[in-house]
Amino acid sequence: MIKGFKWILILVMATLLTQNSWAVSPKGKIVHFKRVEAADAYAPKVMGLFIGIQEYDDPYWHDLKYPRKDVADMEAFFSDSKTLKLDRKMVLTTPMETTRNHILNKTLPAFSISNTSPNDFVIVYISSHGTLSMGIETRLEEGGEVKEPKNIPYILTSDSREADIKKTAIPLIEMVHWFEKLKAERKVLILDMCHSGRFGKSQISRGDLEEISTAKGVQYKEIEDSKASIILAACPIGGISYEDDTLQNSVYTHFLLEGMQYGDLNLDGAVSISEAHNFAIDKTIQFTWNKKEYKQIPTAYSKVLGKDPILVSGSVKSTGNPTLFSFASGNQGVEMFLDQNYQGILPKGVPVEPGRHKVECKVDGEVVYSETIEVYPGYDYMLPDLTLHATKHSRTIALFETAYQTYSRDHVAKGLLPEGALIGVSLYQYQPKKKWLALSCGVAFGQESHTSQFSARAGVKYTRAFGQTRMFLGPDLVLSHFNYDKRDFSEVPDPIAVDDQMDFLSPGLEWMWVIPVEKATVMLGGRACYLPYEFDSEKRSVFSCHGVFSVGYTF
């Protein structure tokens, strides 16, 4: 009897001890769950995060009218979609939900945790004010770190303060980094906000207005996106995003929603998010120009090669034509050519025939990008952002030149400054995407009668292309050296005795016109230079004028 009780006691104790391997709640109760529920947590799903920030605590920021409706319409589209129907969603529209702390420290971490599978689809939509604030950007280059001031874009939250943007708003790049780290391999971030001026949906703090007004322009950093990571924006930095009473939406959001239904560019029966964005570009530009006489140009900051996997409506019924896209902000205003046929001004997308094609992009008639690609049915091809491409590939024009030189003499003997021919070489360097800036230098030599001349010059030029031709206009700093075989110049009106050498460092002006001829480059134009001659303590104002003809090569 005692032995039997002893074995029963051992069994009970063993049972109690093995309960440590069971799942236990915080209060000690066993939690039961079905295996199918655990598996479902890792099953592919469609997830949406929708943020509409309409009211602002700081009176400096005016309240918006339609972010809440923007969110409701966008959420409704995906909730009702038969193609990309939401499985899980988070909607933030109240002032309490749209504070900086709530978004950064509660919403974003919770959303990240629920994104458990790389096969998930993720839609993140934000409608809000945007602003710029000056900050320091640090980047690594050869030789160490380089720091420089940059316009940093921020998303304004309901509690953002004009006096302290950096601590009370959300840096856009922080939102982008969070988005990029999501596990989902198919995701889209849609930003309906803008980042300059106190107009439309954009605000700038008083402290940053003066600094930003002097900036020459800012581009988003190039972001290394996964093949299905797409970032769409209502406008680039420096642009304005509007909302409209007749549409009762933000303008871009309204037309993006239309594009999600009707924007089938390649006619395959389905609409991808890139096609919807392409549809919204033309509609947004046209609407804002008609209403505001301002072109709001939606853009994108992702590079998608291959088929866009994010379909938002319809179903693929045929392979469809290949399409060529370019939405990057750096490509705005660039002309696109396909096999030398004009396709329009970027940003936009165009359908193309399958096969091998030469793609060219031009600025003011000058080719800034050229590539021959093979395109296949059912695929989309995205052009790169040409901003960095162009700035890394400057053009140099090397020229051999002849010139005829004459002077305004101001009682200076003809023998001192003889008219005649010069020969020389010149170099011009410019970057096609920078219309206004070029560098130039050159040397020239001439020999007439008893006088030989050597000159060297360097300058900064305004440059601009007109079709296939290009103009250079700007100042030079000229060093002129004259060497005389004799020192007594007795020509009338004034006999003059001079040193055997004379040197001048003086200002000049140059105007040149460049014309491509076959593989060569021809340049025509003129130069003028001021020479401050001085005899017997008396200055003589002399101007040198050159007519120039040059032949060379651009590389």
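Mentor: Let us begin with a term: a strand here is a DSSP run of type E with at least two residues, and strands are numbered from the N terminus. Ile-423 is found in one of these, strand S22. Please keep in mind throughout that the model is predicted.

Trainee: Is Ile-423 buried, partly exposed or exposed?

Mentor: The general idea is a pair of cut-offs: buried means under 20% relative accessible area and exposed means over 50%, with partly exposed in between. Ile-423 has a relative accessible area of 46%, and therefore counts as partly exposed.

Trainee: Which residues make the nonpolar surface patch?

Mentor: Ile-423 contributes to it together with Phe-400, Val-425, Val-443, Phe-445 and Phe-454, and the patch covers about 530 Å². Two elements give two or more residues to this patch, namely strand S22 (420-430) and strand S23 (438-448).

Trainee: How many bridges join S15 and S16?

Mentor: Strand S15, residues 335-338, pairs with S16 over four bridges in the antiparallel sense. Within this sheet region, Met-336 stands opposite Gly-344 of S16.

Trainee: Let us turn to a helix. What is the reach of helix H8 from its first C-alpha to its last?

Mentor: One compares the reach with the span expected from the number of residues. Helix H8 (residues 251-262) has twelve residues and reaches 17 Å, close to the 16 Å expected at 1.5 Å a residue.

Trainee: Why is H8 described as largely enclosed by the rest of the structure?

Mentor: The description holds because nine of its twelve residues are buried. Among the buried residues of H8 are Val-251, Tyr-252, His-254, Phe-255, Leu-256 and Met-260.

Trainee: Which residue forms a salt bridge with Glu-374?

Mentor: The partner is Arg-356, with the closest N and O atoms 3.7 Å apart. This pair links distant parts of the chain: Glu-374 lies in strand S19 and Arg-356 in strand S18 (residues 355-363), 18 residues apart. Glu-374 is partly exposed at 34% relative accessibility, whereas Arg-356 is exposed at 60%.

Trainee: What is the distance between the closest N and O atoms of Glu-401 and Arg-527?

Mentor: They are 2.9 Å apart, in a salt bridge. The pair connects strand S21 (residues 395-408), which holds Glu-401, with strand S29 (residues 520-535), which holds Arg-527, across 126 residues. Glu-401 is buried at 2% relative accessibility, and Arg-527 is buried at 10%.

Trainee: Which residues are linked with these two in a network of salt bridges?

Mentor: Arg-457, Lys-461, Asp-476 and Glu-510 are linked with Glu-401 and Arg-527 in that network.

Conventions
Residues are numbered from 1 along each chain as its sequence is written. This is a predicted model: local features need pLDDT of at least 70, side-chain atom pairs count only at pLDDT 80 or more; totals for chains, interfaces and linings use all residues. Side-chain values use heavy atoms; hydrogens and water are left out. Two strands pair if DSSP finds at least two bridges between them. Patches are made of residues with over 30% relative accessible area and no salt bridge: like charges are joined within 9 Å, nonpolar side chains (Val, Leu, Ile, Met, Phe, Trp, Tyr) within 5 Å. Accessible areas come from the Shrake-Rupley method with a 1.4 Å probe; for residues, only the protein chains shown count as cover. A salt bridge is a side-chain nitrogen of Lys or Arg within 4 Å of a carboxyl oxygen of Asp or Glu. Buried means under 20% relative accessible area, exposed over 50%, partly exposed in between (1.4 Å probe, protein chains only). The expected span of a helix is 1.5 Å times one less than its number of residues.
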